[in-house]
Structure formats: structure tokens, C-alpha cells
Amino acid sequence: MNDLSIYQEKILNLAAENKKSIAIEDYNRSFEVKNPMCGDEVKVRLKLSDNQIEDISAIVRGCALCEASAGLVVKLFKNNKIPSEKLAQDFESWLNNSDQQIPETLPKEMDVFKPIKEIKNRHKCITMPFEATVKSVKNDL
């Protein structure tokens, strides 16, 4: 098994896991992002309490990459602190810099998307769930 197949397996597992999730009903923040180029849609709902994300769902109508990214968002932020507004910007910057290793400002788990760095037209697919999460709590940052 080579590095790319390991990454692919991790991405597909994240996507499959998130595909089974349902939208949370008890939420006080939400944001929806649509990609007009490919039709992907992400709806993030979260329950915020005391600057902590108690619960979160990221429902996707789109590709496996978007679904995997949504799964990672849920995994990273459920029962965790609010991500900084800079998170989505740092993620996009890392994706666009082919030589750069994942910066310390990003969770190391985001490195699963390293093989996608070379596929520029798929970057939006994986940044949308992070963008929606950050924008859903923007007024609380």
C-alpha cells in the first residue's frame, strides 16, 4: 500500500462516516455554503455554549472530498473550543503552497488532504465545511 492509497482510504473513511450523520436539531448557529462551480452544498449547524461547541453537524450534498472534509470538521470541533477565524484562511493558504508542511496553526489531522494540494480545482470542495464552521460563529470570535 503506498502513501496515496493510505490517504485515499482515510478520506473515504471520513466521507463514509459523515454520510451516516444527521443534522442536529438543537442548534443556535448555522451557516450554509454553496459552490456554484460544482454544485456542492454544506450546511453546518452547531450548538454553542460558553465559547465551546457542544454539538455540530455538517450535512453535505456533494462529492466525497466535501463529505470527508465535513466529517473532519465534526471530528475536530465537537466538544471543543471555537476555531479561530484565521483557520479557514490558513487551510486555504496551506493548500495553495505545494511545498509547505502543515503549519502549527492547523490541526495535524487536516494533513489528510495533502494529496489534494496538487488538484487546485478541488480545493473549494475541502475548504467549504471549514469556511461554514468559522462563519457560523464569526460574531462570537
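Predicted model: local features only at pLDDT ≥ 70, side-chain atom pairs only at ≥ 80, totals over all residues.

Colleague: Where does Thr127 sit, and what does Thr127 touch?

Modeller: Thr127 has its place in helix H4, and, leaving aside residues up to four places away in sequence, Thr127 touches Phe91 and Leu95. The C-alpha atoms of Thr127 and Gln89 are separated by 9.2 Å, although these two residues are 38 apart along the chain.

Colleague: You mentioned Phe91 there. Which aromatic cluster does Phe91 belong to?

Modeller: Phe91 forms one aromatic cluster with Phe77, Trp94, Phe113 and Phe130, and the structure holds four aromatic pairs. One of these is the pair of Phe91 and Trp94, which is stacked, with 6.1 Å from centre to centre and 15° between the planes.

Colleague: How far apart are Phe91 and Trp94 in helix H3?

Modeller: They are three residues apart in helix H3, which covers residues 86-96, so Phe91 and Trp94 are separated by about one helical turn. In general, an α-helix has 3.6 residues a turn, so residues three or four places apart point the same way. Both Phe91 and Trp94 are buried.

Colleague: And what about Phe91 with Phe113, why is that pair called tilted?

Modeller: The ring centres of Phe91 and Phe113 are 6.2 Å apart and the planes stand at 55°, so this pair counts as tilted; planes have to be under 30 degrees apart to count as stacked and over 60 to count as edge-to-face. Phe91 lies in helix H3 while Phe113 lies in the loop between H3 and H4, so the pair ties together parts that are 22 residues apart in sequence. Phe91 counts as buried because its relative accessibility is 0%, and Phe113 is buried with a relative accessible area of 0%.

Colleague: Changing topic to the helices: at what angle do H2 and H4 pack?

Modeller: Helix H2, residues 64-77, and helix H4, residues 123-136, pack at an angle of about 35°, and their axes are 7 Å apart. The crossing of H2 and H4 is right-handed.

Colleague: Which residues meet there, and how many are nonpolar, polar or charged?

Modeller: From H2, the residues in the contact are Leu65, Cys66, Ser69, Ala70, Leu72, Val73, Leu76 and Phe77, and they meet Cys125, Ile126, Pro129, Phe130 and Thr133 in H4. The residues of this contact divide into 11 nonpolar, two polar and no charged. Phe77 and Phe130 also belong to the aromatic cluster that we discussed.

Colleague: How many residues of H2 are buried, then?

Modeller: H2 is mostly covered, with 12 of its 14 residues buried, including Glu67, Ala68, Gly71 and Val74. From its first C-alpha to its last, H2 reaches 20 Å, which is close to the 20 Å expected at 1.5 Å a residue.

Colleague: What happens just after H2?

Modeller: Just after H2, Asn79 takes a positive phi of about 60°, a positive value in a residue other than glycine. Asn79 has its place in the loop between H2 and strand E4, and Asn79 counts as exposed because its relative accessibility is 53%.

Colleague: What is phi of Asp50, and where is Asp50 found?

Modeller: Phi of Asp50 is near 50°, again a positive value in a residue other than glycine. Asp50 is in the loop between strand E2 (41-49) and strand E3 (52-61), and Asp50 counts as exposed, since its relative accessibility is 76%.

Colleague: Last one from me: what does Val33 touch?

Modeller: Val33 lies in strand E1, residues 29-34, and, not counting residues up to four places away in sequence, Val33 touches Asp40, Glu41, Val42, Met128, Glu131 and Ala132. The C-alpha atoms of Val33 and Ala132 are separated by 6.1 Å, while the two residues are 99 apart along the chain. Val33 is buried, with a relative accessible area of 5%.

Terms used:
Residues numbered from 1 in each chain as written. Heavy atoms only, no water. Axes fitted to C-alpha atoms, helices over the stretch in contact; angles between N-to-C directions. Helix = DSSP H or I, 4+ residues; strand = E, 2+ residues; numbered from the N terminus. Left-handed = near helix turned anticlockwise from the far one by under 90°. Contact = heavy atoms within 4.5 Å. Nonpolar A, V, L, I, M, F, W, Y, C, P; charged D, E, K, R; others polar. Phe/Tyr/Trp six-rings, centres within 6.5 Å; stacked < 30°, edge-to-face > 60°. Buried < 20%, exposed > 50% of the residue type's maximum accessible area, 1.4 Å probe, protein only. Expected span 1.5 Å × (residues − 1).
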